[in-house]
Amino acid sequence: MSTDARPPPVPPARPRQQAFAQVAAPDRAPRSGTADARGGRGGPSPLGSGSVHRAWVAAMTVAAAAIYAGFGLVQQARFRTTTYDLVIFDQAVRSYAHLQPGIAIVKGIHNGGGPHFSLLGDHWSPVIALAAPFYRLYNGPQTLLVLQGIMFAAAIPFIWVFARRIAAARVPAGAGHAAAAGYFAAAAYALSWPIAEAVAFGFHEVAFVPVATAAFFERAQAGRLRAALLVAGALLLVKEDMGLLVAGLGLWLLVAGTATAGQRLVAAAMIAAGISAVLLSTLVLRPAVGGNAMYYWHYSALGRDVPRAAWHLIAHPLGAAHLLVTPPAKLETMAWLAGALAFLPLLSPISLAAVPLLAERMLANSAPDWWGLPYQYNAFTVVVLVCAAVDGALRLSRWLRARNPPRIPPRIPAGHARAVAAAMAACCTAAVALVPFFPLGAALQPSFYRLTARDRAAAAAVAAVPRGVTVEAANNIGPQLTSRDTVLLWDWTPRWAPWVVADTGRPTIGFPGRRAQADRVGLLMHNGYRVVLARDGYTVLHRPP
């Protein structure tokens with residue numbers, strides 16, 4: 001792989017920028033003209049002085065975006081996306097596009113919030129309104145799937161720059177190995193199993209988190225305090241618990257590097273602001289728009305509210321520690337998160353940034369989805385762990401050489417840049433090896449792109465429903481109808497919509513089993529619905545006016 005010549009010297013970073021940049025490599029202040037100083041005010045582009053790396057990083061980013069978006073679009077075409085949660089976000093964004101407050105009728109009706117329920121009452125995620133203008137280009141959930149793919153891929157350039165700077169911080173002559181470390185780290189992120197799981201589960205607000213987190217680390221590393229803080233502030237608009245991530249980032253800044261008094265003050269302010277934002281959005285803002293502050297309270301083992309839970313943690317620390325690893329699936333998830341990156345994140349204080357979000361999930365005692373491998377939850381912290389792995393590799397290399405240089409095995413690279421590149425290559429290899437075991441591996445099989453008999457039956461059911469009607473639809477049918485109809489979830493409570501698309505061929509969300517689904521179809525027919533189409537488990541019913 002080609003490498004650029006070393007860029008010309010640039011003016012030294014300002015003292016405040018130097019102190020802030022030290023958090024990524026705390027041995028000494030960055031030197032002008034080295035990778036540590038790049039990205040400061042007046043310096044060259046972080047991607048280097050030539051066009052080779054820019055082109056390669058851009059190609060990697062575009063390829064990742066195409067893979068993510070393509071995977072989502074194929075899933076949509078094959079009825080693998082679901083009303084919960086893709087239609088929820090689709091309805092909210094469409095509402096924003098019509099200058100309404102993020103109304104998601106499917107969420108409101110299913111969860112008892114009513115037909116005018118704003119998604120802000122469920123999760124404080126005003127950031128998704130940024131997708132609304134794109135609905136003028138294409139009015140459908142496919143827009144969200146494409147945007148999510150682009151957003152996930154947009155973290156790649158920031159990770160590349162961060163890893164390259166880390167690897168080249170003390171060895172300017174090792175620019176080639178530093179660039180390789182950047183590519184391997186970016187690839188390890190792009191192919192990581194948390195991103196694969198998030199891509200496979202429709203669209204979620206997590207789409208905005210990796211790129212924002214990566215931008216924060218890159219700007220902090222470059223000594224751009226103001227820009228980093230702006231990114232941290234933007235994270236607070238993604239979801240009500242993103243204040244925990246901001247607090248974690250502040251915790252990292254507080255303990256890492258040779259912090260100045262000003263930096264410690266900023267870090268403490270981030271911690272306080274993050275915790276305050278969680279309390280404000282959960283206890284005040286969500287209820288103000290019709291939400292329930294305690295709807296997602298899954299901590300009954302700690303107490304019935306925040307003060308009691310906090311006191312329980314203080315009074316019974318061993319019990320809380322036991323809860324973190326009970327059931328064992330929690331420990332398995334944390335092992336997967338660190339193990340996929342060769343446990344290198346455990347060597348870096350950057351990992352502290354992930355602790356509050358992980359604690360939020362692992363301290364829950366009644367939300368199995370939160371602590372498992374599937375779904376989008378692990379994608380909230382994946383960038384933190386990848387950046388920690390890069391920093392951990394550098395720290396490990398330094399420790400080995402400082403400990404006893406003559407005893408280092410010859411196969412360990414001689415320079416820190418080569419050591420970091422080798423470590424990131426190992427992480428990238430692990431990510432590639434794991435691809436077949438997680439959702440993106442399905443794209444390697446020809447069958448992933450073929451319609452089955454059930455898929456064709458589902459398409460026929462969708463075609464049987466006219467445009468502009470209200471329809472109760474089975475979970476995997478809703479995304480196909482939402483761009484042209486008002487979609488409700490076909491669930492345990494009859495809504496008596498004029499149209500119903502039922503699925504008795506396999507278990508679906510909202511029912512305890514297939515027998516209950518078949519009984520519901522019988523109940524509808526008994527109450528005047530007639531069958532318009534019945535095929536391969538799908539039944540389309542209509543109640544004449």
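**Entry 1. Contact of α11 with α16**

I began with the residues at which two helices touch: M242, L244, L245 and G248 in α11 meet P356, L357 and E360 in α16. I note that the model is a predicted one. Sorted by class, this contact comprises five nonpolar residues, one polar residue and one charged residue.

I then looked up the geometry of the pair. Two packed helices are described by the angle between their axes and the distance between the axes. For α11, residues 242-255, and α16, residues 355-362, I recorded an angle of about 140° and axes 7 Å apart. That angle makes α11 oblique to α16, because only angles over 145 degrees count as roughly antiparallel.

**Entry 2. Second largest pocket**

I stayed with α16 and turned to an open site. The second largest pocket has a volume of about 340 Å³. I listed 19 lining residues, and those closest to the centre of the pocket are M334, L346, A354, V355 and L358.

Which helices each supply at least two residues of this lining? I found α15, residues 328-339, and α16. The largest share, five residues, comes from α15.

**Entry 3. Largest cavity**

How many cavities of 30 Å³ or more does the structure hold? I recorded two.

The largest cavity has a volume of about 120 Å³. I noted 14 residues in its lining, with S192, W193, P194, A340 and L341 nearest the centre of the cavity. The elements that give two or more residues to this lining are α8 (193-199), α18 (382-403) and α19 (416-434). For the class composition of the lining of the largest cavity, I wrote down 13 nonpolar residues, one polar residue and no charged residues.

**Entry 4. Second largest cavity**

I identified its lining as L191, S192, W193, A196, L434, V435, F438 and L440.

What is the class composition of the lining of the second largest cavity? I recorded seven nonpolar residues, one polar residue and no charged residues.

Key
Residues are numbered from 1 along each chain as its sequence is written. This is a predicted model: local features need pLDDT of at least 70, side-chain atom pairs count only at pLDDT 80 or more; totals for chains, interfaces and linings use all residues. Side-chain values use heavy atoms; hydrogens and water are left out. Axes are lines fitted to C-alpha atoms, for helices over the stretch in contact, and angles run from 0 to 180 degrees between N-to-C directions. Helices (H or I, at least four residues) and strands (E, at least two) are DSSP runs, numbered from the N terminus. Angles under 35 degrees count as roughly parallel, over 145 as roughly antiparallel, 65 to 115 as roughly perpendicular and the rest as oblique. Contact means heavy atoms within 4.5 Å. Ala, Val, Leu, Ile, Met, Phe, Trp, Tyr, Cys and Pro count as nonpolar, Asp, Glu, Lys and Arg as charged, and the others, Gly among them, as polar. On a 1 Å grid over the protein atoms alone, a cavity is a set of points where a 1.4 Å probe fits but cannot get out, and a pocket is an open set with protein on both sides within 12 Å along at least five of seven lines; lining residues have an atom within 4 Å of a point. Grid points are joined across faces, edges and corners, and a volume is the space filled by probe spheres set on the points.
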